[in-house]
Amino acid sequence: MSLTKNPNVNKWVDEMIALCKPDNVVWIDGSQAQLDALTEEVVNLPEGSRDKLYKLNEEKLPGCLYHRTLPNDVARVEDRTFICSKEKIDAGPTNNWCAPDEMYAKLTPLYDGVMKGRTMYVIPYSMGPIGSPLAKVGVEVSDSIYVVLNMNIMTRMGAAAFENLGDTSNDFVRGLHSKADVDPENRYICHFPEDNTIWSINSAYGGNVLLGKKCFALRIASYQGKNEQWMAEHMLILGIKKPGGEMKYVCAAFPSACGKTNLAMLIPPEGYRAKGYEVYTVGDDIAWLKKGEDGRLWAINPENGFFGVAPGTSEKTNYNALASTRKNTIFTNVSLNNDDNTVWWEGLDKNPPVNATEWKGAIVNGVEYTKEGNKLAHPNSRFTAPAINCPCISPEFNNPKGVPIDAIVFGGRRAKTAPLVYQSFDWAHGTFVGAIMASETTAAAAGQVGVVRRDPMAMIPFCGYNMGDYFGHWLEMGDLLGEKAPKIFNVNWFRTDDEGHFIWPGFGDNMRVLDWIIERCDGNAEANETAIGYVPNAKDIDIEGLDDITLETVEDLLTVDKELWKQDAANIKEFFAKFGGKLPAKIAEQLENLEKRLS
Ligand code: GTP
Ligand code: SPV
Ligand code: MN
């Protein structure tokens with residue numbers, strides 16, 4: 001029975017029922033009793049069933065579940081992701097486009113009767129704290145219990161979301177998902193920004209099916225933000241407090257699998273902890289930002305949990321993320337230790353389980369298997385963990401107002417060009433710094449790994465409209481915020497030496513760079529003006545307690561190689577040319593200025 005009187009919701013759900021023809025319809029109220037019953041149902045499915053989840057060791061991992069997706073369905077599929085705006089120009093040159101009528105016509109037969117013999121779950125959820133002026137409501141219908149259980153962790157799910165929507169509003173995002181036959185040939189992730197609608201079919205993996213996340217909170221929301229004077233960004237949010245100082249909030253945009261979760265939960269090096277520095281996590285993947293009454297830029301994390309990369313997560317690299325996964329967490333495509341029914345992935349520790357189930361489901365000797373160069377966990381295996389589990393979750397996490405932002409940081413994986421850190425000259429130049437971001441591709445999306453591609457603001461896979469207009473929107477936000485706009489920086493933790501090793505230790509030691517950033521915000525730290533922006537003096541990056549890093553190493557990490565930058569500028573020019581008349585004149589001008597400074 002429907003959980004809302006809202007006729008817009010009920011009419012749409014009725015249409016989806018008529019289309020998909022499920023045997024049953026279950027409205028998700030969010031109650032523990034309902035979640036427990038669904039969990040029982042899904043763990044009791046027969047072995048070999050595609051939808052099956054497994055309960056993990058109740059003592060070591062209470063409330064935790066394990067799931068494997070099909071080997072052809074382990075990451076976002078950018079080549080099958082579409083922005084279906086009426087006009088092609090509104091999707092822009094960086095998105096796949098199809099006219100909405102055409103896409104609806106193509107997909108309708110695929111959805112027709114797809115849920116026969118299945119149950120449709122109607123999932124109401126809020127992105128952002130319920131009742132926050134920055135929050136928005138979505139409704140996802142899906143034939144997957146895995147989706148329901150993940151949405152429960154990642155969003156504020158249940159009847160309360162409908163109360164927040166009210167009985168008459170039409171302002172909710174309609175998400176239709178069916179795993180169908182999980183057929184990669186007929187897999188589509190389609191967004192209709194002008195209809196507030198998302199249609200996803202033939203996948204059962206994370207970013208393709210948890211429609212509140214990338215589909216709504218970035219692709220649809222970025223379009224809404226452009227029209228409503230706010231921003232939806234692929235950014236973590238963290239709070240840093242130095243001893244005796246005020247809490248500073250920093251947002252950082254890095255491409256997928258480039259370190260957002262790690263930076264958001266960083267533990268400062270010993271020397272900093274001894275002095276009393278504190279770090280708090282507000283969000284690890286997405287930020288919604290809006291001008292507040294005080295004229296500053298405020299941010300909320302629209303999510304309620306972390307859908308984090310498992311490999312590489314260890315007590316040493318990210319203690320807080322690991323701690324977040326010790327209860328009520330869902331693990332996807334990691335490996336099992338069959339002896340004690342716990343989970344393992346590459347980088348957790350140096351002891352792969354002997355009696356292991358690898359991510360595709362084969363039982364193997366994990367020690368031998370990994371010695372032969374195989375991976376027990378998929379490189380994009382993930383944990384879905386409740387934010388409240390995080391030991392350093394910010395006390396402001398549920399604050400409906402959000403937090404005021406002092407600095408915005410961009411960054412990616414660059415082996416050579418980008419220095420460890422630099423600051424932009426001003427907001428317009430900072431927008432340009434974001435627009436020229438580039439990074440090596442990772443396992444978070446299907447396709448080749450390790451190729452450098454341009455990825456403005458880490459939004460290439462997530463901008464729901466023409467990216468030229470998106471740059472324009474950034475410039476407009478700068479005008480709106482004026483003097484109170486956050487300072488903009490760029491970082492690169494991934495410079496390598498001639499043997500290809502990372503030079504900078506990264507992880508907790510990134511605090512040393514954040515320290516310079518927050519001092520710059522307070523006007524306390526010095527910098528050198530270079531062709532690309534303000535670069536710190538090597539001596540102003542605190543390296544006390546770092547064994548392998550000398551002042552010379554820092555100097556090396558901070559060099560700006562003009563020849564490399566000239567090559568980069570040429571590549572940027574080519575990239576910008578794609579946008580034609582949609583590239584804002586101010587951004588083109590920034591490139592000309594960079595070229596002049598380099599020559
Ligand atoms: P998405 O969830 O896909 O958006 O990824 P993310 O940006 O949150 O990336 P995450 O923090 O999960 O890190 C991805 C990978 O980068 C992991 O394997 C980390 O171990 C590695 N990593 C994170 N921070 C650093 C760093 O400072 N230095 C180095 N060398 N590696 C890092
Ligand atoms: C990313 O790829 O940036 C993620 C994981 O955060 S997914 O939800 O699959 O998009
Ligand atoms: Mn992400």
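Good morning. I begin with the second largest pocket, whose lining residues divide into 11 nonpolar, nine polar and five charged. Please bear in mind throughout that the structure shown is a predicted model.

The volume of the second largest pocket is about 600 Å³. Its lining is made up of 25 residues, and those closest to the pocket centre are Gln32, Leu35, Asn152, Ile153 and Asn328. Which elements supply at least two residues each to this lining? They are helix H2, spanning 32-43, helix H4, spanning 145-154, and strand E8, at 156-157. H2 provides the largest share, with five residues.

I turn now to the largest pocket, which holds about 1,200 Å³ of space. Its lining comprises 47 residues, and Ala257, Cys258, Val309, Pro311 and Arg413 are the ones nearest the centre.

What is the division of the largest pocket's lining into nonpolar, polar and charged residues? There are 19 nonpolar, 17 polar and 11 charged residues in that lining.

To close, I would direct your attention on the structure to Gln32 and Leu35, among the residues closest to the centre of the second largest pocket, and to Arg413, one of those nearest the centre of the largest pocket. Thank you.

How values were computed: Residues numbered from 1 in each chain as written. Chains lettered and ligands numbered in written order. Predicted model: local features only at pLDDT ≥ 70, side-chain atom pairs only at ≥ 80, totals over all residues. Heavy atoms only, no water. 1 Å grid on protein atoms, 1.4 Å probe; cavity = no way out; pocket = protein on both sides within 12 Å on 5 of 7 lines; lining within 4 Å. Points joined across faces, edges and corners; volume = space filled by probe spheres on them. Nonpolar A, V, L, I, M, F, W, Y, C, P; charged D, E, K, R; others polar. Helix = DSSP H or I, 4+ residues; strand = E, 2+ residues; numbered from the N terminus.
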